[in-house]
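Please look at the sequence and the model before reading on.

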Amino acid sequence: MRIEGLSARQAHWSLRPFYYLMRRMFGRVLTPYTVYAHRPSMLWSFAMLTLALDRSKVVEAKLKSLVSIRAAQMIGCPF
């Protein structure tokens with residue numbers, strides 16, 4: 001059983017700018033975020049955590065990118 005994600009029209013009004021930015025960055029809204037949209041506070045918290053990790057200077061950006069790509073390959077992500 002899978003949880004269906006919410007479209008921009010179904011999502012809470014406060015998430016519409018988030019959907020717009022995601023569509024602009026990736027060409028579409030990624031599925032995990034549409035599922036998180038069932039709980040807007042959880043989506044915003046997850047987005048802030050992701051942003052904080054992305055901007056962290058502990059590990060250099062090139063290494064983060066390589067690890068991200070490798071992890072996506074290992075799980076069969078189409079990106």
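## After the helix

Helix H1 is followed by Gly-27, whose phi is positive, near 90°; helices here are DSSP runs (H or I) of at least four residues, numbered from the N terminus. The model is a predicted one, in which local features need pLDDT of at least 70 and side-chain atom pairs count only at pLDDT 80 or more, while totals for chains, interfaces and linings use all residues. Residues are numbered from 1 along each chain as its sequence is written, and side-chain values use heavy atoms, with hydrogens and water left out.

## One face of H1

Within H1, which covers residues 16-26, Phe-18, Tyr-19 and Met-22 are buried, a word that stands for under 20% relative accessible area with a 1.4 Å probe, protein chains only. Because these buried residues fall within an arc of 100° when seen down the axis of H1, they line one face of the helix; the arc is that of the directions from the helix axis to the C-beta atoms. An α-helix has 3.6 residues a turn, so residues three or four places apart point the same way. The buried residues of H1 pack against H2 and against helix H3 (40-55).

## A residue of H2

Thr-34 lies in helix H2, residues 31-36, and counts as buried because its relative accessibility is 11%. Leaving aside neighbours within four places in sequence, Thr-34 is in contact with Gly-5, Leu-6, Tyr-19 and Val-29, where contact means heavy atoms within 4.5 Å.

Technical notes
Helices (H or I, at least four residues) and strands (E, at least two) are DSSP runs, numbered from the N terminus. Buried means under 20% relative accessible area, exposed over 50%, partly exposed in between (1.4 Å probe, protein chains only).
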